[in-house]
Amino acid sequence: PNCMTADALATTFFVLGPKEGIALAQKHRLAILYLVPKGKEFVSIASKTFQEMTQTAPKASKKRPSTR
């Protein structure tokens, strides 16, 4: 991907809006996130691929290895 492709995709998803944009993203397994105004706040709407990519990994132990 290059910047022109990224710009074209961003414009496409902006024009489509969340409902149609998420459907297109699901079809092509694209990771996208919409921030949609709802009253005085925003809600996020993410494609399944975006959700899969941003799941948190299990936390590692906080123990530090011995330096001896």
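This is a predicted model: local features need pLDDT of at least 70, side-chain atom pairs count only at pLDDT 80 or more; totals for chains, interfaces and linings use all residues.
Helix α1 covers residues 3-27. At its start, a side-chain oxygen of N2 comes to within 3.0 Å of the backbone nitrogen of M4. A straight helix of 25 residues would span 36 Å, but the end C-alpha atoms of α1 are only 22 Å apart. The helix bends by about 130° at G17, and the proline P18 follows within four residues. After α1 comes R29, with a positive phi near 50°.

The buried residues of α1 are F13, G17, G21, I22 and A25. Their cover includes the strands β1 (33-38) and β2 (41-46). F13, I22 and A25 also belong to the largest nonpolar core, together with I32 and Y34. Of these five residues, three come from α1, the largest share. In soluble globular proteins, nonpolar side chains tend to be buried together.

S47 sits in the loop between β2 and α2 (48-53). S47 counts as buried because its relative accessibility is 0%, and buried means under 20%. A polar atom of the S47 side chain lies 2.7 Å from the backbone oxygen of L30.

The table gives the contacts of I22 and S47, leaving out residues up to four places away in sequence.

| Residue | Residues in contact |
|---|---|
| I22 | G17, I32, Y34, I45, A46, S47 |
| S47 | I22, A25, Q26, L30, A31, I32 |

Note on methods. Residues are numbered from 1 along each chain as its sequence is written. Side-chain values use heavy atoms; hydrogens and water are left out. Helices (H or I, at least four residues) and strands (E, at least two) are DSSP runs, numbered from the N terminus. The expected span of a helix is 1.5 Å times one less than its number of residues. The bend at a residue is the angle between axes fitted to the seven residues ending there and the seven starting there. Buried means under 20% relative accessible area, exposed over 50%, partly exposed in between (1.4 Å probe, protein chains only). Contact means heavy atoms within 4.5 Å. A polar contact is a pair of N or O atoms within 3.5 Å; within protein, one must be able to donate a hydrogen and the other to accept it, and residues adjacent in sequence count only if both atoms are side-chain atoms. A nonpolar core is a set of buried Ala, Val, Leu, Ile, Met, Phe, Trp, Tyr and Cys residues joined through side-chain atoms within 4.5 Å.
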